[in-house]
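Okay, thanks for making time, everyone. I'd like to walk through one structure with you, so let me get it up on the screen.

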Amino acid sequence: MGVRSEQSSLPAQYRRLVVLRDGGQILLRPVSRADKDAVRDMVGRLSPDTRFLRFHHYKPGLTEREIDYFCDVDQENHIALVAEMTRRGRDEIVGAGRFYRLARGDRAEVSFVVEDAEQGRGIGTVLLRSLAELARDKGVTTLVAELLYENTVMMHVFRSYDPGLRVVVNGHCYHLTFSARGPETAGDIAPGPAGEASLTDFRPP
Ligand SMILES: CC(C)(COP(=O)(O)OP(=O)(O)OC[C@H]1O[C@@H](n2cnc3c(N)ncnc32)[C@H](O)[C@@H]1OP(=O)(O)O)[C@@H](O)C(=O)NCCC(=O)NCCS
């Protein structure tokens, strides 16, 4: 697994084999420009409901510009980890987590997706934990996310990470704020400026 990852400029510590609770294995690693085909394929395998929960509207797929934006990250303010799995003899990307640093540099917005066939195996949880670790290493202390009201699964994953997360109703979704350090700092979240996070609907520059 992982022949596509050589272009990443993040240190090797962010690349790790993870054994899932059902015994399956994934390789977690930073995304790279060489992943464009694999990311396009993964998005093509997402169900309409999974796309809706991720993008907050029924998105048919990603444009080439969006694929470029997803894979060509700067590894500092826009970082993504992918979960890669060997299936039917091929290495395939089956999930991704990313953060975008917000204007206040110690805060970042996170988002995740795991393709339908692999959901419920713990991949989303592992992606969150690893992305939070990476965020901490990059000086980010507070993570935010925009979550549709019906997204009980991701709410469960976030709450498991930080039971003290702050939840605010924000238009059509919840605005969540939680510590990048997770449970041991529950309640230790500095409030951010009003209207700070608005990046959930995917918009390449
Ligand atoms: C949300 C998502 C990323 C989670 O990934 P995942 O790999 O399925 O997550 P995990 O397997 O690590 O954890 C799922 C948890 O939800 C729990 N769960 C399952 N169905 C649930 C439900 N209806 N209500 C509440 N919790 C539920 C599982 O039991 C599991 O918890 P546990 O680890 O305590 O047993 C994935 O489901 C997904 O891609 N969804 C669509 C896109 C999306 O919602 N993205 C989030 C936007 S930020």
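Before anything else, a convention: I call a crossing left-handed if the near helix is turned anticlockwise from the far one by less than a right angle, and right-handed if clockwise. Helices, by the way, are DSSP runs of H or I with at least four residues, strands are runs of E with at least two, and both are numbered from the N terminus.

Now, this is a predicted model, so local features need pLDDT of at least 70 and side-chain atom pairs count only at pLDDT 80 or more, while totals for chains, interfaces and linings use all residues. Residue numbers start from 1 along each chain as its sequence is written.

So, the helix pairs. H4 and H5 cross in a right-handed way. Their axes come within 10 Å, at roughly 45°; axes here are lines fitted to C-alpha atoms, for helices over the stretch in contact, with angles from 0 to 180 degrees between N-to-C directions. That makes H4 oblique to H5, because under 35 degrees counts as roughly parallel, over 145 as roughly antiparallel, 65 to 115 as roughly perpendicular, and the rest as oblique.

Who touches whom? On the H4 side we have Gly124, Thr125, Leu128 and Arg129, meeting Val157, Ser160 and Tyr161 in H5. Contact means C-beta atoms, placed from the backbone, within 7 Å. By class, that's three nonpolar, three polar and one charged. For the classes, Ala, Val, Leu, Ile, Met, Phe, Trp, Tyr, Cys and Pro are nonpolar, Asp, Glu, Lys and Arg are charged, and the others, Gly among them, are polar.

The other pair is H1, residues 36–45, and H3, residues 64–71, packed at about 115° with axes 10 Å apart. That crossing is right-handed too: H1 passes H3 that way. Lys36, Val39 and Arg40 in H1 meet Ile67, Phe70 and Cys71 in H3, giving four nonpolar, no polar and two charged residues.

On to the ligand. How many residues surround it? The shell has 23, and the closest are Leu53, Gln119, Gly124, Thr125 and His156; to be in it, a C-beta atom placed from the backbone must lie within 6 Å. H2, E5, H4, E6 and H5 each give two or more residues, and H5 has the largest share, six. The shell splits into 10 nonpolar, 11 polar and two charged.

Last, the whole protein chain: five helices and eight strands.

How values were computed. Two residues are in contact if their C-beta atoms, placed from the backbone, lie within 7 Å.
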